Amino acid sequence: MSIPILKHFGLELRRVTRRPRPALRVLKNFEALQPKGYYPSLFGFRSIYRTASSKAIPKTSPNPRRLRPFPFLAAGGGLLTILFSALQPITHEPPEVPRDEDVPPPGPTPNDGDDKDLPRYRLAEIKEHGPKSERPWVIYEDNVYDITDWIPGHPGGEVILRAAGGSIEPYWEIFSIHKSPYVREILDQYVVGKVHPDDLRNGRPLQDYIEDPFKLDPVRDARLMKLTAKPCNAETPAQELAKSFLTPNDVFYVRNHMWVPVVEEVEAEHHNITIELPDGDSRTYSIKDLKTRFEQHTVTAVLQCSGNRRNDMTRHAKKTNGLQWTVGAISCAKWEGVRLRDVLADAGLSLEDPGEYAQHVQFSGLEAYGASIPISSVLDPMGDVLLAFKMNDEPLPRDHGFPVRVIVPGHVAARCVKWVNKIVVSDEESNSTWQRRDYKCFGPNEVKQDWDKYKAIQVMPITSAITRTWLKPPEKRLGGQAGESDTDSVVQIEGYAYSGGGREIQRVDISLDGGETWDQAHLIDDTNFEKGNKAWCWKRWRYETGLSEVTKSSKGESKTTIVIKATDDAYNTQPESHKSIYNLRGNLATAWHRVDFDCGTALQNCGRGQK
């Protein structure tokens, strides 16, 4: 090891010992300094653990030591061990795991080939080792595991307790990352028995004893358009989007990655959020603390999934991966809560000079979802980032984060973490899959996705959509356009336009002939409903014209294509085609929105009184 590298490592080590939380930074920085190929797996946590768990422990050892996940993270002394290890000559021999003669050997594991000697447990006995027991157990296949010692090292924290007392397999179906050999190797170290044969059917626990993770989810409104049931993902129907500026809670679109956590109303005031600062200091606030100690603010803001209109990209470009949202993965609501910047200041963070290690704010939810935003969004006094308790003057519905969620106006909804219980100010973004390996955009030609190449989506680009097109019965109209008769049937077209970052919509352009000629739609004045420092809301728009004009635009055909595009106050506008912005994940499908309009069908529906 070179002297400059050793010196740098020593300085980093000294800094880390004074700051307990970001201990991983020294490992990351040191790894970055190594020449390519130098100690290639020394700091590759997954590969180290995989190697140790599969090679370093001889299966014939009379006194095997139970491995713990990432043991060198447990104490500062582990960093010194790594430092001295790095100074040793390079060897191609497999690493030898230190032995501790004072640690009693564990019971037999499946690797020992002694399954017949393991005790058999009835499912009723296993159920007693649930989330609140001193020794939580889980089942995988027909094996029983005591996960008590694994919980502190579990990357998902105590979420694993959801499965305690029953089978872990339904949860592994959700968290598919667990379906890898090295995770199974970890679990196998904690085996304590087998499921009793009387409680097995075809080698698996009886179905009656396997818990459905979604059984306590709330009942959803029948008007929502469900894309998936477990977890629930449902969009606001187009006709509901057009009805009002604020989307009613019952039909506000639902985007869940997992189950909906259960927080009883009587316990909501005691729900805690832990704030952790870069120096390792932390402070915990209950909902009651936040409501009584901090000024409350109201913000009206749109939430939009990055996959909104993904189905348009699939139809007009080519196949995309992900939920095939149409135009309804977007909604607008009034949010009430406390400003996150006020809470961070109270916790001890300097808003004027937060320090070089305060670059991101990470959020974690009760169901293990995690995401982060740049700290600049939080520190901006005009940014309106909230810890929200209310939605449209009511307590947050369960699907939308009860009892508290993060609201980051102008950003993708994936950063507005629901059921939040931990906030960390850090020098790096969240390590969650949803931050690092999802919600990013690649080029049209990039089939292989290099997740480290691009930044995570934060502020949303401009978009617009047609939500309703219908034919009014003939009526006397005021201010009819040139060429229209006073009794001409009226085609009414409605929709929304939105741009992230607080940019206000300037205009909405509409074409009745597929984009050859244009006119401007009427922007509805909803300013009385808008709350906040910037334009965080959508603009509803409406356009009316005579059926004769639409027929003229169709050039004698019964069908025509209506097209809309929006422009914001920075003069950002939408791209013309989805082919030009195609990405395999189908994120940010913001091209011109096109809807086919059939004049003959519209006349028939009008005669039947349909809209």
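Start by selecting Ser499, Arg503, Glu504, Ile505, Glu530, Ala535, Trp536, Cys537, Trp538 and Lys539, which line the second largest cavity. Here a cavity is a set of points, on a 1 Å grid over the protein atoms alone, where a 1.4 Å probe fits but cannot get out, and lining residues have an atom within 4 Å of a point. The volume of this second largest cavity is about 60 Å³, a volume being the space filled by probe spheres set on the points, with grid points joined across faces, edges and corners. Colour the lining by class and you get five nonpolar, one polar and four charged residues. In this scheme Ala, Val, Leu, Ile, Met, Phe, Trp, Tyr, Cys and Pro count as nonpolar, Asp, Glu, Lys and Arg as charged, and the others, Gly among them, as polar.

Before moving on, a word on the model: it is predicted, so local features need pLDDT of at least 70 and side-chain atom pairs count only at pLDDT 80 or more, while totals for chains, interfaces and linings use all residues. Residues are numbered from 1 along each chain as its sequence is written, and side-chain values use heavy atoms, with hydrogens and water left out.

Next, select Arg255, Arg405, Ala413, Cys416 and Lys418. Of the 19 residues lining the largest cavity, these are the closest to its centre. The largest cavity has a volume of about 210 Å³, and its lining divides into 11 nonpolar, four polar and four charged residues. How many cavities of 30 Å³ or more are there? The count is seven.

Now show Trp518 and Trp592. Their ring centres are 5.2 Å apart and their planes stand at 85°, so the pair is edge-to-face. Rings of Phe, Tyr and Trp (its six-membered ring) pair if their centres lie within 6.5 Å; planes under 30 degrees apart count as stacked, over 60 as edge-to-face and the rest as tilted. Trp518 sits in the loop between β22 (505-511) and β23 (519-520), and Trp592 in the loop between β26 (559-568) and β27 (593-598), so the pair ties together parts 74 residues apart in sequence. Helices (H or I, at least four residues) and strands (E, at least two) are DSSP runs, numbered from the N terminus. The whole structure holds 13 aromatic pairs.

Four strands form an open sheet in the order β1-β4-β3-β2, with mixed pairing; two strands pair if DSSP finds at least two bridges between them. At the edges are β1 (120-121) and β2 (137-140), each pairing on one side only. Follow β2 to β3 (residues 143-146): the two are antiparallel over four bridges, and Val138 stands opposite Tyr145. Contact means heavy atoms within 4.5 Å, and axes are lines fitted to C-alpha atoms, for helices over the stretch in contact, with angles from 0 to 180 degrees between N-to-C directions.

Stay here for Glu141, in the loop between β2 and β3. Is its phi positive or negative? The phi of Glu141 is near 55°, a positive value in a residue other than glycine.

A second sheet comes next. Strand β8 (residues 233-235) pairs with β9 over two bridges, where Ala234 stands opposite Val254. In the loop between β7 and β8 is Pro231, joined to Lys230 by a cis peptide bond with omega about -5°.

Another cis bond joins Phe402 and Pro403, with omega about 10°; Pro403 lies in the loop between β17 (394-395) and β18 (405-407).

Finish at Leu216, in the loop between β6 (204-205) and β7 (225-228). Leaving aside neighbours within four places in sequence, Leu216 is in contact with Val262 and Arg398.

Definitions and conventions: 1 Å grid on protein atoms, 1.4 Å probe; cavity = no way out; pocket = protein on both sides within 12 Å on 5 of 7 lines; lining within 4 Å.
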